[in-house]
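This briefing covers how two protein chains meet and how a few of their elements are packed. The sequence and structure come first, followed by the points grouped by topic.

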Amino acid sequence: MASAREEILARIKAARVPPAAPVVRGYNRQGPSSVELFAERVADYRAIVHTVSGVPEFLTSLRGKRIVAPADVPAEWLVDGVTWLHEPLSIEELDQADGVLTGCAVAIADTGTIVLDGGEAQGRRALTLLPDYHLCVVRADQIAGSVPEALARLEPTRPLTFISGPSATSDIELNRVEGVHGPRTLEVLIVT
Amino acid sequence: MARNPVTWLGSPTFPKAAHKALADTQLRQNLRKATGTIRARRAAAVAEMTDWEMLRVAGEQIKDDVLARLDTLLVQLEESVTARGGVVHWARDAEEANRIVLDLCRAQNAAEVVKVKSMATAEIGLNEALEAGGVHAIETDLAELIVQLGDDRPSHILVPAIHRNRSEIREIFQRRMGVEVSDEPADLAEAARVYLREKFLTTKVAISGANFAVADTGSIVVLESEGNGRMCLTLPETLITVMGIEKLVPTWQDLEVFLQLLPRSSTAERMNPYTSVWTGVTPGDGPQQFHLVLIDNGRTQTLEDSIGRQALRCIRCSACLNVCPVYERTGGQSYGSVYPGPIGAILTPQLVGDMHDKQAASLPFASSLCGACFEVCPVRIDIPSVLTHLRAEVVEAKGRTAESVAMSAAAWIFASASRYEKAQKAGSLARFLAKDGKITSLPWPGSKWTSSRDVPAPPQESFRTWWRKNRG
Ligand code: SF4
């Protein structure tokens, strides 16, 4: 008896689907990478947004809290008065932290999205998932205008997380309610 | 061969089931409220895009290309996933897929697994198969959880508990979780968070579906809202993803089309809260064992039909359900399948592949052919044409009784027969109007009318306008 793989591939061949027309990409591939548009769209998801000129000045609001930070965040972000939690961290430790501070890989103005790729200042995926508060720093030059521009900047084989606002659900009467399993508060710092 | 669990065993035909559903005023009220909300929001989310039609065309073309090169692309996907440390399995039907997943769970000694909402696993009846094999699957998507705790069946492809309102959800949660909770959506969401937290943190095996798989990179994509997907895709040691063979896109770049089409069409958002992308196994981040199960389960036989195969372009956004006047009145469960509404009416019978199956053969008649589904479909599936095509196949298989089936399936869904006739004239007949304004021939069942009498010229008003004015 043929294997499932061989049989499925043979059935596909036997269906003799004719070649398709070439794909016409007539849609907009670029958009304005404006800080204002990005800030407005992030805020639409009921995330908290600030546009600042420096990160450390803002971080004083974290004083007294236990905040997770990937090992490679800029040293100046690790301000005094905050209990910084670094890897290795267990799932329980992450779950009990007050929040997490990260950078990002790319942001998308058109949709108000932040993309993490596990690269610099981001850490592994669990770090930004278990704490109930996520503070994400976005540099103005990381903002792409459109979804196509953002995807072109990303390395697809890295573990990617696209974040558009705090965790939410539309499952009760098809209305959006914020706050289910992911961080219930998302705060975005745009550094210009 | 075992029966395809895409339809529920013992389900009545659509007309019978819908008759019963129509008597349920609570159900109709819940559906009307929910679909009404989402219709308006989707329209706004789409109106914002100046290039929406071009995105739809590109979406259609990319998916047609996938169907044309499906064998090559699947082999390419297999190679890229394997190269990155994943293991690829192939399953001809539901039974084979379920056995593969059960064996994988057993190999991990897992008595419990967490699940992210997935149409593919619902289609193959995976939860029941696992349960029979001693593995309990916990649904983590809020709506799936409501269905699971309520011992209920899904009624919508995106929001399976759409037929439940907040006070019914509250009642289910209080009864099954043993907690006091109000009927505020925020409190209900909090109750689900607390209920599932421990499971996420301790369960070793997760099962997911996939929205897309990128052939050239091996990347799998899951879109979600709540973060339950991220939990399942990140915390467990083993991840098993079950995916229909048509869920491919050829290249990473192609995702730029679907990441724009899908969120706006399904939840009417610019972007859904979370989208996860992973490629095989990443050392030090997420599950260290990854299995991808590719299922056929009726897809290759659907591929053989030159008109019907376009149903395989579907990205499961649910926009066609939300605009469908028949769905709104009968609810999803009347379709007797995990795929209800317009997409269900064309996909389910093709996956079943047996026009002598009374229940499946009744589904292509669950429509007034008004065309609203085609208008909103992000990958431009011409659902009305596939419906008429499948109706003809049913007639061929079963003889002349089908016209009466057609009429009984749809006429009484509307308040009166005369309104239904008006809908037919305004909507479906107009689709076949010749350029000079004369109707020469109509596909079945209209052909019976054109051959026996003069067909009146359709009114200017389209069915959509008529429906907007007369709905309810
Ligand atoms: S048929 Fe089209 S509109 Fe309906 S669920 Fe599929 S993609 Fe969405």
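Two strands are taken to pair if DSSP finds at least two bridges between them. The model described here is predicted. In it, B:Val214 has B:Ser219 of β6(B) as its bridge partner.

- Strand β5 of chain B (residues 212–214) runs antiparallel to β6(B), and 3 bridges join the two.
- The hairpin of β5(B) and β6(B) has 4 residues between the strands, and B:Gly218 takes a positive phi near 80° there.
- β6(B) also pairs with β9(B) in the antiparallel sense, over 6 bridges.
- Within that pairing, B:Glu224 has B:Tyr274 of β9(B) as its bridge partner.

**A strand pairing across the chains**

- β9(B), residues 274–279, pairs with strand β9 of chain A, residues 160–163.
- This pairing is antiparallel and has 4 bridges.
- A:Leu160 stands opposite B:Val277 of β9(B).

**The contact between chain A and chain B**

- Chain B contributes 92 residues to the contact and chain A contributes 71 residues.
- The two chains bury about 7,300 Å² between them, with 58% of it on carbon and sulfur atoms.
- On the chain B side, B:Arg92, B:Arg193 and B:Arg270 lose the most area to chain A, together 10% of what that side buries.
- Between chain B and chain A there are 40 residue pairs in polar contact, both residues being at pLDDT 80 or more.
- Helix α10 of chain B (residues 185–202) gives the most to the side of chain B that touches chain A, with 11 residues.
- By class, that side of chain B has 42 nonpolar, 23 polar and 27 charged residues.

**Salt bridges between the chains**

- The whole structure has 37 salt bridges over all chains, and the count between chain B and chain A is 12.
- Side chains of opposite charge can pair when their charged atoms come close.
- A:Arg11 and B:Asp296 meet in a salt bridge, at 2.9 Å from N to O.
- That pair crosses from helix α1 of chain A (residues 4–15), which holds A:Arg11, to the loop between β10 (289–295) and α13 (299–303) of chain B, which holds B:Asp296.
- A:Arg11 is partly exposed, with a relative accessible area of 28%, whereas B:Asp296 is buried, with a relative accessible area of 0%.
- B:Asp71 and A:Lys13 form a salt bridge, with their closest N and O atoms 3.5 Å apart.
- A network of salt bridges links A:Arg41, A:Asp44, A:Asp110, B:Glu48, B:Arg264 and B:Arg270.

**Salt bridges within chain B**

- B:Arg39 forms a salt bridge with B:Glu328, with the closest N and O atoms 3.0 Å apart.
- B:Arg39 lies in helix α2 of chain B (residues 25–47) and B:Glu328 in helix α15 of chain B (residues 325–330), so this pair ties together parts that are 289 residues apart in sequence.
- Both B:Arg39 and B:Glu328 are buried.
- B:Lys115 forms a salt bridge with B:Glu139, with the closest N and O atoms 2.9 Å apart.
- B:Lys115 lies in strand β2 of chain B (residues 112–115) and B:Glu139 in strand β3 of chain B (residues 136–139), so this pair ties together parts that are 24 residues apart in sequence.
- Both B:Lys115 and B:Glu139 are buried.

**Helix α2 of chain A**

- In helix α2 of chain A (residues 35–44), the buried residues include A:Val35, A:Leu37, A:Phe38, A:Ala39, A:Arg41 and A:Val42.
- A:Arg41, buried in this helix, is also one of the residues in the salt-bridge network.
- The cover over the buried residues of α2(A) includes β1 (48–52), β5 (106–108), β6 (113–116), β7 (133–139), β8 (143–144) and β12 (185–191) of chain A.
- Just after α2(A), A:Arg46 takes a positive phi of about 60°.

Key: Residues numbered from 1 in each chain as written. Chains lettered and ligands numbered in written order. Predicted model: local features only at pLDDT ≥ 70, side-chain atom pairs only at ≥ 80, totals over all residues. Heavy atoms only, no water. Contact = heavy atoms within 4.5 Å. Buried area = accessible area lost by both parts, 1.4 Å probe. Salt bridge = Lys/Arg side-chain N within 4 Å of Asp/Glu carboxyl O. Polar contact = N/O pair within 3.5 Å; in protein donor to acceptor, adjacent residues only side chain to side chain. Nonpolar A, V, L, I, M, F, W, Y, C, P; charged D, E, K, R; others polar. Buried < 20%, exposed > 50% of the residue type's maximum accessible area, 1.4 Å probe, protein only.
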